[in-house]
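This briefing describes the surroundings of selected residues and the pairing of neighbouring strands.

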Amino acid sequence: TFPTPIVYQQIGQPNYDPATGEVTPDVTEFNINAGILSRGRNESGGPAEEYEIRMWIHHDRGGLTSLPKTADSVFYDNVYWKVVVVDPTYSSDNLIASRLVLRAE
């Protein structure tokens, strides 16, 4: 089941306006549900810690209809999380579900 609401941010190529020099991010947000599997914390030999979550997302109606990418992010529990691993993704005729590993940005 996928009981936890998240905001999935699909990150595309930024748009550049040569006239102004401005770069505008290309972000599309999807309000979907996820299945949170676990949370982890890793200390790297100093005061800094890395936080990680693992979750499943589904790809049917009401889920993410495209394949997730490591450029994407998720807003969950008032934190933006960067997708660092997409493995595995199950599919048949269409995409079914993907397991994501994310780290706090």
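Ser 73 lies opposite Lys 82, a residue of strand 7. The model is a predicted one. The points below begin with the strand pairing and then turn to individual residues.

**Strand pairing and hairpins**

- Strand 6, residues 73-76, pairs with strand 7, residues 79-91, in the antiparallel sense over 4 bridges.
- The hairpin joining strand 7 to strand 8 runs through 3 residues.
- Within this pairing, Thr 89 stands opposite Ser 98 of strand 8.

**Ser 98**

- Ser 98 belongs to strand 8, which covers residues 95-104.
- Ser 98 has a relative accessible area of 0% and is therefore buried, the cut-off for that class being under 20%.
- The side chain of Ser 98 makes a polar contact with the side chain of His 59 at 2.7 Å.
- A polar contact at 2.8 Å links the side chain of Ser 98 to that of Thr 89, the residue that stands opposite Ser 98.
- With residues up to four places away in sequence not counted, Ser 98 touches Met 55, Trp 56, Ile 57, His 59, Pro 68, Val 86, Pro 88 and Thr 89.

**Arg 99**

- Arg 99 is likewise found in strand 8.
- The relative accessibility of Arg 99 is 26%, so this residue counts as partly exposed; that class lies between the limits of 20% and 50%.
- The side chain of Arg 99 reaches the backbone oxygen of Asp 87 at 2.9 Å.
- Apart from neighbours within four places in sequence, Arg 99 is in contact with Leu 37, Met 55, Trp 56, Val 85, Val 86, Asp 87 and Pro 88.
- Arg 99 and Ile 53 are 46 residues apart along the chain, and their C-alpha atoms are separated by 11 Å.

**Ile 32**

- Ile 32 is located in strand 4, residues 27-43.
- Ile 32 counts as buried because its relative accessibility is 4%, against a cut-off of under 20%.
- Neighbours within four places in sequence aside, the contacts of Ile 32 are Thr 4, Pro 5, Ile 6, Tyr 8, Ile 57, Gly 62, Gly 63 and Leu 64.
- A separation of 16 Å lies between the C-alpha atoms of Ile 32 and Val 79, which are 47 residues apart along the chain.

Technical notes. Residues numbered from 1 in each chain as written. Predicted model: local features only at pLDDT ≥ 70, side-chain atom pairs only at ≥ 80, totals over all residues. Heavy atoms only, no water. Helix = DSSP H or I, 4+ residues; strand = E, 2+ residues; numbered from the N terminus. Buried < 20%, exposed > 50% of the residue type's maximum accessible area, 1.4 Å probe, protein only. Polar contact = N/O pair within 3.5 Å; in protein donor to acceptor, adjacent residues only side chain to side chain. Contact = heavy atoms within 4.5 Å. Pairing = 2+ DSSP bridges.
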